Amino acid sequence: MEMKHGKEAFEERIMQLPVLDTHTHLVGDRLCASDFWEIAHYFWLFRELQAAGYPANAMELPEDIRIAAFLEAYHGSKNTMMNVVLTQIFKNLYGIVISDAASVLKADAAVKQTAQSVTWAQEVADRMNVRRFVVNIPEHAEFQGMRENAILIPRIDGKLGGWVKEVELSHDPAAAFAQAREKLTQLLDDYKEAGYVGIMTTLPSYESKANRKVVIGQGSTKDEILMMLLHELGAAAEQRGLLIQLFLGVERSWCGTVTPVNDTARILKLSALFEAYACTFELVVASELNNLDIVQAAWNFPNVHVGGHWWFNFRTSTYRDSMQYRLEALPAIKSSLIVSDARCMEWSYGKILLVKRIVSDFLWGQVEAGWIDHDTALFVAENWLYGSAAKRYGIAH
């Protein structure tokens, strides 16, 4: 057997490291894709295919016409990152190279076959050594056919937005706010009793700042109500030992489609929360310019940790910049990298494969430049991929 050395051996070692996928849309009783199109039409790739001319109503087309349209867009977008990932998914998991209509039909048959296997999800996870996955919906957490169920971090942005609206529209905002506070604390009591490690929420755009506390009453703005509820959330989470996972940086306020917004004051406006409440905050951003902001917050506040890359931040270029910020400023135990946002196990595999490759390239470059040694590089990778999140979520290392 040929012995591997240098960069090749280092990448192989990175590929073997354990992973904790900190945000997925996996559903416990249907973890794997049911056919080729469920993989091919994953949102991120679908956007890139559309940019190459693929029709938005592709599933309404006859299969032969759809396959022809797919292949034209697939070959036309072969430089894009998600296209590369799709290629690797089918090459590595199924031994199929997507090239023509026959290969698409072969891939479709292969995915339909593995969808019937009760062990396939675990087999795919094991290929990237993904030990645990996070989901945000209780009904999705029981992972059938796998060694471990998902870690559940319930999503509360729907409830939070509903409470803000109730207070805003109430004839007695002060009383409505008191009722919202009671609902929030009861919800966190229920989560604590159920054994959940914390909550997850996205946030809309906000003009208010957490360091300006106001008494909610007539004339209070929606932003002020939101910020005061976040204060209540921080206090309640601290009292119950729960973490708060904040997903920030995408908005629909500019148009109907979700878009990244590089608000350079976004994290600054929340900093008073980090200072006031001793609960753990995990910050996940979708906007490129906030990558440095969350590192600065984690450097300033011991209870703030930086999470993985989300939405428009999931690109090789943003990962490289972000890893440089994190390596220079933060102990590795304060930083996680993996947010696959996957809706099937095959895409969790593909996106984690990509991130591991990026991590390997980046850290090997740091070793070659003499900034860190080989053992430190592996130590950093172990924490970025698994150890940091595992500690935060109370999972045995």
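Tutor: We begin with handedness: a crossing is left-handed if the near helix is turned anticlockwise from the far one by less than a right angle, and right-handed if clockwise. Please keep in mind that this is a predicted model. Here, the crossing of helices H8 and H10 is right-handed.

Student: What are the angle and the distance between the axes of H8 and H10?

Tutor: In general, two packed helices are described by the angle between their axes and the distance between those axes. For H8 (residues 157-169) and H10 (residues 222-240), the axes come within 9 Å and cross at roughly 130°. The two helices are therefore oblique to each other.

Student: Which residues make the contact of H8 with H10?

Tutor: On the H8 side they are Leu-160, Trp-163, Val-164, Val-167 and Glu-168, while H10 contributes Lys-222, Ile-225, Leu-226, Leu-229 and Leu-230. Sorted by class, this contact has eight nonpolar residues, no polar ones and two charged ones.

Student: How do H11 and H12 cross?

Tutor: The axes of H11 (residues 266-276) and H12 (residues 290-300) come within 10 Å, with a crossing angle of roughly 20°. Angles under 35 degrees count as roughly parallel, and H11 is therefore roughly parallel to H12. This crossing is right-handed. Arg-266, Ile-267 and Phe-274 of H11 meet Asn-290, Asp-293, Ile-294 and Ala-297 of H12. The residues of this contact divide into four nonpolar, one polar and two charged.

Student: Let us turn to sheets. What is the strand order in the sheet of four strands?

Tutor: Strands of a sheet pair through backbone hydrogen bonds, either parallel or antiparallel. The four-strand sheet is open, has the order S4-S5-S8-S9 and shows parallel pairing. Its edge strands are S4 (198-202) and S9 (304-309), each of which pairs on one side only. On average, neighbouring strands of this sheet are turned by 20° against each other, direction ignored. S4 and S5 (residues 243-248) run parallel and are joined by five bridges. Gly-198 stands opposite Leu-243 in S5.

Student: Finally, how many aromatic pairs are found in the whole structure?

Tutor: A pair of aromatic rings is described by the distance of the centres and the angle of the planes. A search of the whole structure finds 24 aromatic pairs. In one of them, Trp-37 and Phe-70 have ring centres 5.8 Å apart and planes at 85°, so the pair is edge-to-face.

Student: Why does the pair of Trp-37 and Phe-70 tie together parts that are apart in sequence?

Tutor: Trp-37 lies in helix H2 (residues 36-40) and Phe-70 in helix H4 (residues 63-76), so the pair ties together parts that are 33 residues apart in sequence.

Key
Residues are numbered from 1 along each chain as its sequence is written. This is a predicted model: local features need pLDDT of at least 70, side-chain atom pairs count only at pLDDT 80 or more; totals for chains, interfaces and linings use all residues. Side-chain values use heavy atoms; hydrogens and water are left out. Axes are lines fitted to C-alpha atoms, for helices over the stretch in contact, and angles run from 0 to 180 degrees between N-to-C directions. Angles under 35 degrees count as roughly parallel, over 145 as roughly antiparallel, 65 to 115 as roughly perpendicular and the rest as oblique. Contact means heavy atoms within 4.5 Å. Ala, Val, Leu, Ile, Met, Phe, Trp, Tyr, Cys and Pro count as nonpolar, Asp, Glu, Lys and Arg as charged, and the others, Gly among them, as polar. Rings of Phe, Tyr and Trp (its six-membered ring) pair if their centres lie within 6.5 Å; planes under 30 degrees apart count as stacked, over 60 as edge-to-face and the rest as tilted. Two strands pair if DSSP finds at least two bridges between them.
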